[in-house]
Amino acid sequence: MQTLTERPMILVVDDEPHLRNSLSSILDLHGYASSTAEGGRSALQALEDHEFELILLDLGMPDIDGHKVMERISAEQRDTCVIVISGDISIDSAISALRYGACDYLKKPYDTNELMLKISNALTRRRLEKENKLINQHLKESERWYRYMVNNSPDFIYTLDAEGYITFCNDRIESLLGYDKNTVIGKHFSALIYPEDIEISQHVIKERRTDGRTINNVEIRIPHGAEPNLLTLEFSSFGIYEDNTPGQPSEYKGTYGVARDITERKKASELIMYQAYHDLLTGLANRNLFRDHLELAIAQARRFQHKLALMFLDLDRFKHVNDTLGHTVGDLLLIEVAGRLKNCLREGDTLARQGGDEFTLLLSHIDSQENVISAADKIIKEFSAPFYINGHELYVPMSIGISLYPDNGETIDALIKNADIAMYDSKAKGRNRYQMYTPNMNASFDQRFSLEIQMRKALERNEFQIVYQPQIHVGTGMISGIESLVRWASPLLGYLLPLKFIPLAEETGLIVPISEFILESTFKQTQLWHQSGLLPPRIAINISFRHLEQESFVDYISNLLSLYELSGSMFEMEINETTLLNEGNHIVEKLHALTEMGIKIALDDFGTGYSSMNYLKKFPIGTIKIDQSFMPKFVGDSDNESIVTAICSLAKNLKLNLIAEGVELAEQYHLLHTLDCNEAQGYLFCKPLSGQEITELLLTKSSLLPRH
Ligand code: C2E
Ligand code: CA
C-alpha cells in the first residue's frame, strides 16, 4: 500500500488491477496522495489503519462488494466520503449507492476531467463541512462560557422588551433580589419593586438612551417578607433599537441592563462622609461642617440683610477633670456637655465641637443683640448646675465669646477668630461668663500672648518676688500671722500685682513652677525667721487649685518641710472656694493629708463664690477669711455690715478662726472689734512688705493697731 502525506489521502478500491493502478496514477498526477485496495476486505482493513478523506469505490467486487463496504463505513461512523465508480449504469444502482451514503456516483468508463471535478467538489464540500463543524463547536463552547459568566456575574443582568417585560435575567436575581429566575421572566419589571419606588426607578431600569450617560445610582426597596429590603443599585443600561432602513427612525425594542449592588459601598462612603463632618464622640458637627454651615448662613445673612451670631464656648475646668479623673470621665463629660448645649439650641442653630473642650454655636438668624445675650445667659445658667459622672459631682462652667455678623467680621475666619478672642477675654475676666467681642480685644489678645512669653522668661530670670502682709489679733493688734503674696517685677511690664498674671498662669499651667518658687521662697524666709527666733505664730501661703491638684502636691510639701527643717504647724494654706468645687480630685484627701502634717487650712475670699455650709463641714477648714469686698465702705453701709455680722456669728457657731481682709478704715476695725472677730488684715495695720522689712517689724514686737 502506497501512501503520501500532507495531501488529501484517497483510497482507490477496485478488483481490477489495471483500473486501480491507472486511477492511482491519475490521482498522483493531479497532486493527490492515494492508497489502493483490491477488494472490499482490504479496503476495510485500510480504513482501520488510516484515515482517508475520500474513497473511490467500485461496487461489484468478488469478496465484499461496495454496498457492504459503505454499510460498514456508516455503521462504524467513519469520517470519510465515498464516490462510487461502477460499471453498473442503471439509475437504481446510482440511487442505491447514494442511499448507502455515497456522496457522488460515476460510471465506468469515466471521463478523467469529470472524475477530477467530482473529486475536487467532494473534497471542497468535506472541507467546508469540517470547518463548519469546528465553528459550531467553538460557538457552543463560547456560548457555554458566556452563559457561565453571565450567570456567575456579581451583577444582575437583564433585558426588557419595549413594554418593560423581562425577557432575560441571569441567576444573580436569586441571591440579590430573592426571586426565582424562572418565575420572573415574562413579568413586568415593576412587579419586582416596592410600589412606591417604581416611579423613581423606572427611567433608570427601563433606560431608552444609548449614550454614555446611562449610569445611574438609585436606591430601591425590594419587597422581602414583611420588611422591604433597601438596596442601592447602580444601573448601567441602554436602549436596544432595531437596525432600520436608513432615513427611518429606528424602533425601540427594549433595554439591556446591568445592576450592581452598591449598598455596602454606599454605606461605607456614607460613614466616611459622616466621619469627615462629625465629631465621633459627641455626634455633633465638626469644624468642617460648622464652616460649611457658617458659609451658607453668611451668604443668606448678606442677601436678606440680617444678623447672625457666633459663640465660642470653652469649658472652664475640663483639662483639670481630664487630667485628674481620666479620659473616660472626660469623654463622658463632653457627651453630657454636648447634650446640655443641645437643649439650649433653637431650630436652625448649628452646634459643633471644634476639638478638645471647645464648642462653637452658630445662631443663624438674630433680630438683636438681646437674642444672643439671652441665649448666652441660658447656657451659663444651664452650666451652673453640676454634672454627675461616675459618682463624681463636677462643676464645669462655660466661658463664652460672641462675635456678630456683620458688626464684628464678614468672613468665616474673622467671625471665628473674634469670638475666640472674646472667649479668652471672658476667661481673663473671671470665667463662667460671656463676653461680646469688641475691637480693642485684639490688642489685649496680643498682650495675653506677650504676657505668657514674658512670664516664662520671668521664671528663668527670677523676676518673681514675695512680699508679706501681717495679720493681727483684733484685740491686741499683735501679729498673729503673716501672709505671703507674690509680685512680678518685670523690667518690661513694670511691677505687676498677682491679679494681673495669676489667672493666665493658671490657664497656661505656668502657675505650677511659679507656685513652687513662691513656696520655696516663703519656706526659706520662714527658716530665717525661725533660726533668728522671730517666727510669727503662723505663715499663710496662697495655694492655687492648679497646684493643689497635682498628684505629687502633698509629697512635695512634706519634702519641703524636711528640706528646710520646718514643722507643718508653722503654716496655713489659703485656698479659695472654687478649689473646693473640684470634687473627685482627691482634694479632700489632700487637705486631710496636709492637716495631718499640722498645716492649717484657710478658706480665702469667703462669701464671694459658691459659699456653702457643706464645704465647711466636709473639708478640714480651720479659718475663714471674710473677703475685703464685704468691708463696709462707709458708716451706715448696712448691707455689708449685716454680711460681716452674719459671717462672724457663723464662724463663732462653727468654732472657726476668722480673719477679716482689706481692713482700711478705723470704723471697719471697730465693727470687727464689736463683732468679736478674732483677726484682721489690711492697710490700716500694715501693707505687704519685703521679708527684710517684716524682720524689722518683728524685732519691734509692737502692736500694729492704729494710734488715734
Ligand atoms: P487674697 O489672698 O485675698 O490676698 C489679699 C489681697 O488683698 C492682696 O492683694 C493684698 O495686697 C490685698 N490687701 C491687703 N490689705 C488690703 C487693704 O487694706 N485694702 C486693699 N484694697 N487690699 C488689701 P494682692 O497681693 O494683689 O493679691 C491678690 C490676690 O492674688 C490674692 O488675694 C490671692 O488670691 C492672689 N495671690 C496673691 N499672692 C499669691 C500667691 O503667692 N499664690 C497664689 N496662688 N495666689 C496669690
Ligand atoms: Ca489670701
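Buried means under 20% relative accessible area, exposed means over 50%, and partly exposed is what falls in between, with a 1.4 Å probe and protein chains only as cover. I started with that because Asn390, at a relative accessible area of 53%, comes out as exposed.

**Ground rules.** I'm working on a predicted model, where local features need pLDDT of at least 70, side-chain atom pairs count only at pLDDT 80 or more, and totals for chains, interfaces and linings use all residues. Residues are numbered from 1 along each chain as its sequence is written, chains are lettered from A and ligands numbered from 1 in the order in which they are written, and side-chain values use heavy atoms, with hydrogens and water left out.

I place Asn390 in the loop between β14 (387-389) and β15 (392-394).

I located Lys701 in the segment after α25, and its 59% relative accessibility makes it exposed.

Then I looked for cis peptides. The bond from Lys108 to Pro109 is cis, with omega near -15 degrees, and Pro109 sits in the loop between β5 and α5. Tyr405 and Pro406 are also joined by a cis bond, omega about 0 degrees; I find Pro406 in the loop between β16 (398-405) and α14 (412-428).

**The sheet.** In what order do the 5 strands of the open sheet run? I read β2-β1-β3-β4-β5, with parallel pairing; two strands pair if DSSP finds at least two bridges between them. β2 (33-37) and β5 (104-107) are the edge strands, each pairing on one side only. On average, neighbouring strands are turned by 20 degrees against each other, direction ignored. For angles, axes are lines fitted to C-alpha atoms (for helices over the stretch in contact), and values run from 0 to 180 degrees between N-to-C directions.

Zooming in, I count 4 bridges between β1 (residues 9-13) and β3 (residues 54-57), in the parallel sense. Val13 has Leu57 in β3 as its bridge partner.

Next, the helices on the sheet. α2 (residues 40-49) packs there, touching β1, β2 and β3, and its direction makes about 165 degrees with that of β1. α5 (residues 112-152) packs on the sheet too, touching β1, β3, β4 (81-86) and β5, at about 165 degrees to the direction of β4. Contact means heavy atoms within 4.5 Å.

**More on α5.** Met149 is found in this helix. Is Met149 buried or partly exposed? I get a relative accessible area of 45%, so Met149 is partly exposed.

**Thr695.** I find this residue in helix α25 (residues 691-700). Its relative accessibility is 18%, so I call Thr695 buried. Leaving out residues up to four places away in sequence, Thr695 touches Gln525, Trp529 and Leu534.

**His278.** This one is in the loop between α9 (263-277) and α10 (287-304). Its C-alpha is separated by 7.2 Å from that of Leu289, 11 residues apart along the chain. Not counting residues up to four places away, I see His278 touching Gly283, Leu284, Ala285, Asn286 and Leu289.

Notes: Helices (H or I, at least four residues) and strands (E, at least two) are DSSP runs, numbered from the N terminus.
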